[in-house]
Amino acid sequence: MTKNLDLPTEGRNGSVITWQSSNTSVIGHDGTVIRPTPRSGNAVVNLTATIKNGNASDTKTFIVTVLEEPFVLTLSSIEDVNVDTVIGTTPVLPSSVIAVYNDEETTRQLSVKWDDMNPADYAAEGSFTVQGTVEGTGIKAVAHIKVRTLSFHSEFNMSSLQGSQTLTATVTGTNKGSAAVSSLVTLALYDAAGKLVDKSQVSKSVTHGAPVTLSTNLTLPANVTGYTAKVLVWDGTDLQTSHLQPLSGAAELTSAPGVPVGMTTSPSSTIPQIEIAWQPSPEAASYDLEVDGTTISNITSPFIHQGLLYGSKHTYAVRAKNTSGVSAWSKSISADVTSTPGEANLVVQPFGLSDVTLQDSIFTKLRDSEYLYLDGYNLDKLLYAFRAAAGLDNKGATAMGGWDSAAGKLRGHSTGHFLSAFAQAYASSGEAKWKTKIDYMIDELAKVQDALATQPNGMEKSNLGKSNPALVGNNSPGYLSAYGEWQFILLENGAMYNGTETDFNTIWAPYYTLHKIMAGLLDSYKATGNAKALSILVKMSDWVDGRLSKLPQTTLNSMWGRYIAGEFGGMNETLAEISAITGNSKYLATAKLFDNSKLFTPTANNQDTLNGIHANQHIPQIIGALKVYDQTNDPSYYKVAQNFWGMVTNHRQFSNGGSGVGELFKESDKIASYILEGGTSKNSQAEDCATYNMLKLTRELFFHNPDAKYMDYYERGLYNGILPSKDQSASNNGVVYFMPLGPGSTKGYGRTSFTCCAGTGLESQTKYQDSIYFRSSDKKSLYVNLYMPSTLNWAEKGISVVQTTNFPSEEGSTLTVKGSGQLDIKLRVPYWAVKGFTVKVNGVEQTITATPSTYVTLSKVWANNDKIEISMPYSLRVEKTPDDPAMGSIFYGPLLMVGKSSSTKFINLNLNESDLSQSITPVAGTPLNFTTNGVTLVPMYTAYNFAYHAYFKLNQ
């Protein structure tokens with residue numbers, strides 16, 4: 001536990017519950033939690049509940065571990081600087097100082113800007129101090145300056161003691177006085193116990209005028225660990241005659257390495273990577289490199305930071321190590337990734353989830369309920385099947401169940417979805433707990449990946465393995481999944497789909513599961529920069545390439561053309577991204593091995609062959625085709641994506657934006673034919689996964705061609721498909737699998753089956769803000785695509801946009817600009833805005849041509865607090881099915897309106913279609929509610945706990 005416990009005081013049937021803590025300094029009797037201080041260790045407390053009901057009583061003791069407060073490394077002080085100077089000479093102060101941190105171990109060089117000095121301060125003997133402003137902290141640096149008539153400056157010929165080498169100390173004396181001074185320089189060497197083990201001396205008279213140099217040296221022993229050399233300057237010509245009056249402060253040199261110097265960064269012009277180099281020093285045994293706050297140990301110069309994102313910025317520092325100690329971190333240096341990952345240029349680009357913050361609304365309500373579920377899920381359950389396959393300890397966890405059961409053929413896929421959702425939650429909220437979960441999962445999956453290579457591949461259970469012993473063996477290095485390689489081997493040998501757990505001669509969809517795992521790792525890497533995640537991905541990519549690159553094209557065609565068995569999710573998408581990140585074109589070639597010619601070839605030629613194929617098996621493949629286009633500029637891949645999108649949205653789209661019946665695409669322009677009487681059991685439309693992936697494809701197409709039609713569809717699918725898919729009850733039962741649209745249907749939710757839709761549902765509910773705003777690639781334009789309460793922080797431009805609205809219940813929105821500068825703000829005019837779209841800037845109505853399904857542009861130099869007020873009145877409309885004009889759905893603005901009715905027969909609505917307001921009446925005091933023909937109409941997203949009709953018979 002890390003937070004206060006909400007301890008119940010009353011049982012479900014009236015029992016009285018009291019609590020007793022064994023350690024009230026950690027957990028109070030009322031559940032108040034006081035976490036142990038950092039580095040003091042976790043505390044274990046026995047918490048005992050006494051339950052009484054009448055004369056009956058019982059006790060139950062819970063063992064509660066309260067985690068210590070996390071240790072936060074913070075800067076605690078700046079080391080003082082001591083400088084000597086001679087009268088009339090400006091003191092030379094360092095450009096950096098050493099910062100000391102609260103772990104009493106870490107030190108770091110930081111740049112400093114010193115206050116101006118008054119020449120009068122060093123015009124005569126004495127001392128004074130100067131303060132300096134240190135980068136990144138309010139703690140001031142302090143330099144103590146002594147002004148002397150006679151000043152000495154000492155230098156060594158090495159930055160730290162090096163065994164068996166000659167140590168030379170050079171001392172430069174400057175005398176501003178009138179009399180010559182006899183000066184004795186002693187170079188003394190002390191061992192680790194502080195005992196003097198060697199010394200050398202030199203003496204000279206330092207006279208007024210030009211500086212005088214004194215040098216002395218000694219040979220260092222082979223082992224200087226813990227040794228210290230000191231330079232001492234005394235009066236006199238030798239120690240016997242000297243008064244041992246010090247003429248200067250002592251200079252010291254130890255065997256600990258000095259701070260590395262000469263650090264440079266060199267971004268590659270062709271590969272998304274940065275080379276970091278520094279001057280090696282002989283006293284350093286090894287180096288640590290700090291990369292964006294994460295330490296990579298035991299590396300050498302130069303170091304190549306690979307797998308970066310185009311345009312990303314990275315910061316580095318280095319420190320040296322040897323057996324005597326560790327140097328301070330060098331001053332940080334930053335560099336941007338300048339190489340482009342591919343040849344295709346995006347016209348529009350997204351903002352990161354961290355750049356857009358949602359304000360309170362239905363969207364945050366559903367997101368936050370999903371956060372609660374994600375935060376409470378046992379990570380070791382997510383790892384159960386992986387550890388079992390790898391022969392590792394499951395740490396007391398049990399299997400997840402459903403599709404992720406201990407023997408399920410698709411087990412492991414949900415773990416990838418959870419990783420993606422964790423990554424989105426971290427990117428959106430910035431809360432460290434999400435990164436902690438991700439880091440734990442990745443650490444454990446890395447162990448699984450290593451261990452799997454020692455475990456059998458599972459082929460011994462199949463008939464094929466029994467008849468072909470050569471196929472039986474251990475899993476190959478780099479492989480990572482929640483079961484052995486046997487399903488992949490069977491796929492290559494013609495196996496078909498069958499989900500029966502005990503049938504080891506058939507498979508489910510092994511590359512589908514693999515994709516979910518890889519996508520989760522990739523999302524985690526992009527959100528947190530966890531280098532281990534990328535390392536796992538590279539090994540997995542090598543494993544995929546090693547399998548597929550050896551297969552003939554006929555085998556690949558057969559595999560990808562097989563129903564469900566050949567489903568591979570977005571493997572081509574993920575591999576194309578890994579190619580871009582690593583700069584390794586091999587993975588792009590691997591991505592192209594997933595080309596599904598059975599679908600891609602006709603679709604590129606705009607030949608519609610979708611009838612009867614599995615919808616969600618193929619939509620992710622199209623997204624991957626577009627990603628391959630981004631890396632190759634091969635127009636055939638773009639045509640595949642563009643044409644496919646049109647085939648689905650123009651000819652197979654249900655009113656809520658979904659597609660498919662019973663997971664399959666049906667004939668073109670057949671909608672009414674598949675809306676059936678009989679309630680939920682007869683209606684299995686619009687698989688939630690398919691809607692999720694169609695929205696993903698839509699935004700990717702918009703990046704290439706910012707046509708408003710794409711965001712019109714995105715709005716439809718988001719508000720009427722994704723938003724309504726979530727259970728809004730207190731029990732939070734997840735999302736739908738299908739979105740039933742027939743008369744009298746009710747939504748069925750489920751988490752424990754861990755279906756594909758349960759997985760994508762985790763992701764949908766944690767990224768509602770990802771498409772509200774986009775920017776042009778030249779950074780001159782801002783696209784406002786969706787009208788949702790939110791705040792955009794465009795840090796690079798120094799501009800924020802605060803969008804205030806109760807949309808979708810409010811028929812407008814207000815944008816407030818924070819910051820200033822030239823910017824084209826492009827506002828989407830929705831396809832449904834047929835009653836007008838007006839815009840005011842600072843109260844002045846703008847002269848614009850606002851055509852539905854376009855963008856209007858406001859171009860000006862914006863000032864802080866400029867306001868843009870948008871009005872877009874809703875109107876009622878009927879959208880009829882293409883195959884039956886006597887059937888249709890009712891919309892109000894962007895919202896699909898459903899009728900509240902449990903009847904499983906079609907309801908006939910008599911409507912004045914030329915003026916629907918004559919037939920459909922608003923419900924007073926209840927926004928977005930209407931009545932017509934005795935039926936109450938409400939938005940689809942509110943219909944989570946009652947039966948409804950999404951389609952009606954019209955005027956029959």
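This tour moves through a predicted model, one selection at a time.

Local features are reported where pLDDT is at least 70 and side-chain atom pairs only at pLDDT 80 or more, whereas totals for chains, interfaces and linings use all residues of this predicted model. Residues are numbered from 1 along each chain as its sequence is written, and side-chain values use heavy atoms, with hydrogens and water left out.

**The whole protein**

Along the principal axes, the C-alpha atoms fill a box of roughly 125 × 80 × 80 Å. Of the 956 residues, 54% count as buried, where buried means under 20% relative accessible area, exposed over 50% and partly exposed in between (1.4 Å probe, protein chains only). Among contacts (heavy atoms within 4.5 Å) with a separation of 6 or more, 66% are between residues 24 or more positions apart.

**Helices H7 and H8**

Select residues 510–528 for H7 and residues 531–548 for H8. Their axes are 9 Å apart and the helices pack at an angle of about 150 degrees, which makes H7 roughly antiparallel to H8. Axes here are lines fitted to C-alpha atoms, for helices over the stretch in contact, and angles run from 0 to 180 degrees between N-to-C directions. Angles under 35 degrees count as roughly parallel, over 145 as roughly antiparallel, 65 to 115 as roughly perpendicular and the rest as oblique. H7 passes H8 in a left-handed crossing (the near helix is turned anticlockwise from the far one by less than a right angle; clockwise would be right-handed).

Now display side chains. On H7, the residues that meet H8 include Tyr511, Leu514, Ile517 and Tyr525; on H8, the residues that meet H7 include Leu537, Met540, Trp543 and Arg547. The residues of this contact of H7 with H8 divide into 15 nonpolar, one polar and one charged. In this scheme Ala, Val, Leu, Ile, Met, Phe, Trp, Tyr, Cys and Pro count as nonpolar, Asp, Glu, Lys and Arg as charged, and the others, Gly among them, as polar.

Move to H12, residues 597–604, whose buried residues are Leu599, Phe600, Pro602, Thr603 and Ala604. They pack against H10 (571–582), H13 (615–632) and H14 (635–649). Just after H12, asparagine 606 takes a positive phi of about 60 degrees.

H13 passes H15 in a left-handed crossing. Residues of H13 that meet H15 include Ile619, Ile623, Lys627 and Asp630, and their counterparts in H15 include Met694, Lys696, Glu700 and His704. By class, the contact of H13 with H15 has twelve nonpolar, three polar and four charged residues.

**Aromatic pairs**

Next, show the aromatic rings. The structure holds 39 aromatic pairs: rings of Phe, Tyr and Trp (its six-membered ring) pair if their centres lie within 6.5 Å, and planes under 30 degrees apart count as stacked, over 60 as edge-to-face and the rest as tilted. Select phenylalanine 363 and tyrosine 768, whose ring centres are 5.3 Å apart with planes at 65 degrees, so the pair is edge-to-face. Phenylalanine 363 lies in H1 (residues 362–376) and tyrosine 768 in the loop between H17 (756–764) and strand E29 (773–776), 405 residues apart. Both phenylalanine 363 and tyrosine 768 are buried.

Tyrosine 377 and phenylalanine 754 form another edge-to-face pair, 6.1 Å centre to centre with 75 degrees between the planes. Tyrosine 377 is in the loop between H1 and H2 (379–390) and phenylalanine 754 in the loop between strand E28 (749–750) and H17, so the pair ties together parts that are 377 residues apart in sequence. Tyrosine 377 and phenylalanine 754 are both buried.

**Backbone details**

Finish on the backbone. Most residues other than glycine have a negative phi, and most peptide bonds are trans. The peptide bond from serine 301 to proline 302 is cis, with omega near 0 degrees; proline 302 is found in the loop between strands E20 (294–299) and E21 (303–305). Lysine 395, in the loop between H2 and H3 (413–429), has a positive phi of about 55 degrees and is partly exposed, with a relative accessible area of 43%. Serine 853, in the loop between strands E36 (844–845) and E37 (854–862), has a positive phi of about 65 degrees.

Note on methods:
Helix = DSSP H or I, 4+ residues; strand = E, 2+ residues; numbered from the N terminus.
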